[in-house]
Amino acid sequence: MELRSVEELMDLLHACRGARNTPGGGRPVDVHEHALQTAALLRRSHPADKELQVAGLVLGIGRLLGRPDGAGHADLAADAVRPLLGERVSRLVRLQKHGGPLTPAEAAAFESDPLAGDAVTLRRADEAAGVAGLDAGVLEDWRTVLELVAARHARLEAVD
């Protein structure tokens, strides 16, 4: 699936409401709420980096696009958002596919990736999300940010 409009993405993000994920074998969390919290944490820690914030917001959509066990969800989400949100957002999401320890070859490849630092920041926000009572706002708060990132990507695509 490739997302072609912010409206399609918003619909998919809304569909995450009620979907459950059990990160690290812990307590189940609502994928929708987790996405909002991850994005909100990134907004607070990196207010100027809209693409990083959006990567946190869309990270969980792969769970709706793939297998119930979540296998391959980062790749599915990355492929879905790339046409709309661009390569950087897609790459940040894709770099989240390893939740566990990396092999030495994977670790070397990750460390040499120019987005490794941002990917670690995204991972930390993702791990910190899921806190009861964290005010993360509502999905509609993110529409303008999604439109800005999508418009920037469209402009860059038009230039190429």
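Guide: On the α2 side, A35, L36, T38, A39, L42 and R43 meet L52, Q53, G56 and L57 of α3, where contact means heavy atoms within 4.5 Å. The residues of this contact divide into six nonpolar, three polar and one charged. Here Ala, Val, Leu, Ile, Met, Phe, Trp, Tyr, Cys and Pro count as nonpolar, Asp, Glu, Lys and Arg as charged, and the others, Gly among them, as polar. The model is predicted: local features need pLDDT of at least 70 and side-chain atom pairs count only at pLDDT 80 or more, while totals for chains, interfaces and linings use all residues. Residues are numbered from 1 along each chain as its sequence is written, and side-chain values use heavy atoms, with hydrogens and water left out.

Helices (H or I, at least four residues) and strands (E, at least two) are DSSP runs, numbered from the N terminus. Two packed helices are described by the angle between their axes and the distance between the axes. The axes are lines fitted to C-alpha atoms, for helices over the stretch in contact, and angles run from 0 to 180 degrees between N-to-C directions.

For α2 and helix α3 (residues 50–58), the axes come within 7 Å and cross at roughly 165 degrees. The two helices are therefore roughly antiparallel to each other; angles under 35 degrees count as roughly parallel, over 145 as roughly antiparallel, 65 to 115 as roughly perpendicular and the rest as oblique. The crossing of α2 and α3 is right-handed. A crossing is right-handed if the near helix is turned clockwise from the far one by less than a right angle, and left-handed if anticlockwise.

Helix α2 (residues 31–45) also packs against helix α8 (residues 116–128), at an angle of about 130 degrees and with the axes 8 Å apart. α2 and α8 are therefore oblique to each other, and their crossing is right-handed. From α2, the contact uses H34, T38, L41 and L42; from α8, it uses T121, L122, A125, D126 and A128. These residues divide into five nonpolar, three polar and one charged.

α3 and α8 also pack together, at an angle of about 45 degrees with axes 10 Å apart. That makes α3 oblique to α8, and the crossing is right-handed. In this contact L52, A55 and G56 of α3 meet D118, T121 and L122 of α8. The contact residues divide into three nonpolar, two polar and one charged.

Q96 sits in the loop between α6 (87–94) and α7 (104–112). With a relative accessible area of 7%, Q96 is buried; buried means under 20% relative accessible area, exposed over 50%, partly exposed in between (1.4 Å probe, protein chains only). In the loop between α8 and α9 (143–159) lies A132, which counts as exposed at 70% relative accessibility. A132 and V29 are 103 residues apart in sequence, and their C-alpha atoms are 9.7 Å apart in space.

As for the setting, the protein chain has nine helices and two strands. Of its 160 residues, 42% count as buried.
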